[in-house]
Amino acid sequence: MNEITAIAEAPTAPRDLMSKFDAIIAERQALLDTGVTDPFAIVMDEVKSPTVAVIKGKETILLGTYNYMGMTFDPDVIQAGKDALDQFGSGTNGSRMLNGTFRDHMEVEQALRDFYGMSGAIVFSTGYMANLGMISTLVGKGEYIILDADSHASIYDGCQQGNAEVVRFRHNDVADLDKRLGRLPTDVGKLVVLEGVYSMLGDVAPLKEMVAVAKKHGAMVLSDEAHSMGFFGAHGRGVYEDQGCEADVDFVVGTFSKSVGTVGGFCVSNHPKFEAIRLACRAYIFTASLPPSVVATAATSIRKLMHAHNKRAHLWENARQLHGGLTAMGFKLGTPNPQSAIIAIILDDQTQAVAMWQALLDNGLYVNMARPPATPAGTYLLRCSLCAEHTTEQVTRILALFEGAGRAVGAIA
């Protein structure tokens with residue numbers, strides 16, 4: 001073997017596929033080197049109620065859980081899960097299309113039909129899978145998806161998994177939606193994807209106007225009501241109900257991990273061909289179904305939410321109290337008024353956001369810290385998610401903690 005042949009046959013060192021994450025690793029390490037707790041690795045050692053947990057041995061008020069209606073500790077919900085465990089065991093071991101449909105899967109889909117007053121309901125394993133599956137299945141090659149630029153990652157991923165053309169419009173901009181729809185061919189399928197409440201800033205979409213524009217251009221509409229189910233509208237169905245456009249929204253996507261208090265996702269619709277989704281949707285067909293205890297708790301929770309008028313009213317009282325108090329202190333908030341159960345405090349930079357987050361945690365308050373890419377470029381914020389089980393006294397305590405932390409880091413004078 002000559003030298004040239006030996007060189008040609010020498011093995012090539014494999015390229016490290018993890019090297020692309022070096023910048024993220026370095027940034028995270030630099031953050032931890034400042035001595036702060038990792039904001040994205042919090043462990044709850046014990047959860048005592050929808051609003052209180054033990055974190056690092058300290059009793060802590062929870063203000064970042066999306067447990068909007070506080071259903072996680074409802075006695076009827078818990079009992080339903082225990083009964084299902086006893087009757088059906090811990091798991092399904094299969095897809096809904098094979099051996100993975102149990103009695104309570106049918107019951108939770110019926111509960112959704114009753115709650116939304118719609119003829120069709122399909123349950124997915126998560127809310128992420130619901131958006132991924134519905135969007136990629138509904139819209140195909142030669143058709144168009146038109147979505148808000150600030151749409152959730154699950155919506156963008158649904159677009160990527162499908163073969164449709166994707167058109168974005170400026171966040172909550174009705175005129176821009178109208179303009180972009182007007183540029184598209186009139187004789188092709190179009191789906192406008194909207195969200196009732198946007199999870200970063202807690203702002204509400206002008207759904208009524210947007211749905212009207214979509215219909216003017218012959219587009220169907222999917223509304224993601226994950227962050228509004230349970231407490232918007234007369235029946236708690238979401239922003240689309242609250243704004244009076246139920247008749248014109250073709251598909252409603254939601255999740256069990258917010259107001260329902262467990263895990264799972266769903267889509268409901270009155271379309272006469274809706275059941276065909278079960279036969280075509282990869283995110284429904286090729287994954288294991290939810291455990292029976294999970295769907296049993298979801299069905300019980302949804303049926304109780306149909307009558308949770310007092311809970312809804314108290315949640316809005318909490319939102320007004322927190323937003324008003326923070327505004328009076330001088331914080332910069334994501335919305336000029338309390339539009340939802342999400343209150344976002346916008347801060348100058350990551351250093352200030354982390355310092356304030358740490359000060360709140362040290363004093364017994366947990367909130368979410370959010371940063372790009374989850375937020376728009378250059379935006380760092382602390383996101384509060386109120387619960388119907390927060391007492392007025394707890395919200396008063398929360399305001400005092402924010403005032404102390406805000407002054408300490410210079411966020412307020």
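Biologist: Which side chain meets that of lysine 179 in a salt bridge at 3.6 Å, N to O?
Modeller: This is a predicted model, where local features need pLDDT of at least 70 and side-chain atom pairs count only at pLDDT 80 or more, while totals for chains, interfaces and linings use all residues. Residues are numbered from 1 along each chain as its sequence is written, and side-chain values use heavy atoms, leaving out hydrogens and water. Taking a salt bridge as a side-chain nitrogen of Lys or Arg within 4 Å of a carboxyl oxygen of Asp or Glu, the partner of lysine 179 is aspartate 176.

Biologist: In which helix do lysine 179 and aspartate 176 both lie?
Modeller: Helices (H or I, at least four residues) and strands (E, at least two) are DSSP runs, numbered from the N terminus. Lysine 179 and aspartate 176 are 3 residues apart, about one turn of the helix. The run that holds them covers residues 174–182, and its name is helix α7.

Biologist: Is aspartate 176 buried or exposed?
Modeller: The classes rest on relative accessible area with a 1.4 Å probe and protein chains only: buried is under 20%, exposed is over 50%, and partly exposed lies in between. Lysine 179, at 38%, counts as partly exposed. Aspartate 176 has a relative accessibility of 1%, and it therefore counts as buried.

Biologist: Which residues are linked with Asp176, Lys179 and Arg180 in a network of salt bridges?
Modeller: Aspartate 173 forms a salt bridge with arginine 170, the closest N and O atoms being 3.2 Å apart. At 47% relative accessibility, arginine 170 counts as partly exposed. The network, which is part of a structure holding 20 salt bridges, links Asp176, Lys179 and Arg180 with Arg170 and Asp173.

Biologist: What is the bridge partner of valine 52 in β3?
Modeller: Strands β2 (residues 52–55) and β3 (residues 58–62) run antiparallel and are joined by 4 bridges. Across this pairing, the partner of valine 52 is isoleucine 61.

How values were computed:
Two strands pair if DSSP finds at least two bridges between them.
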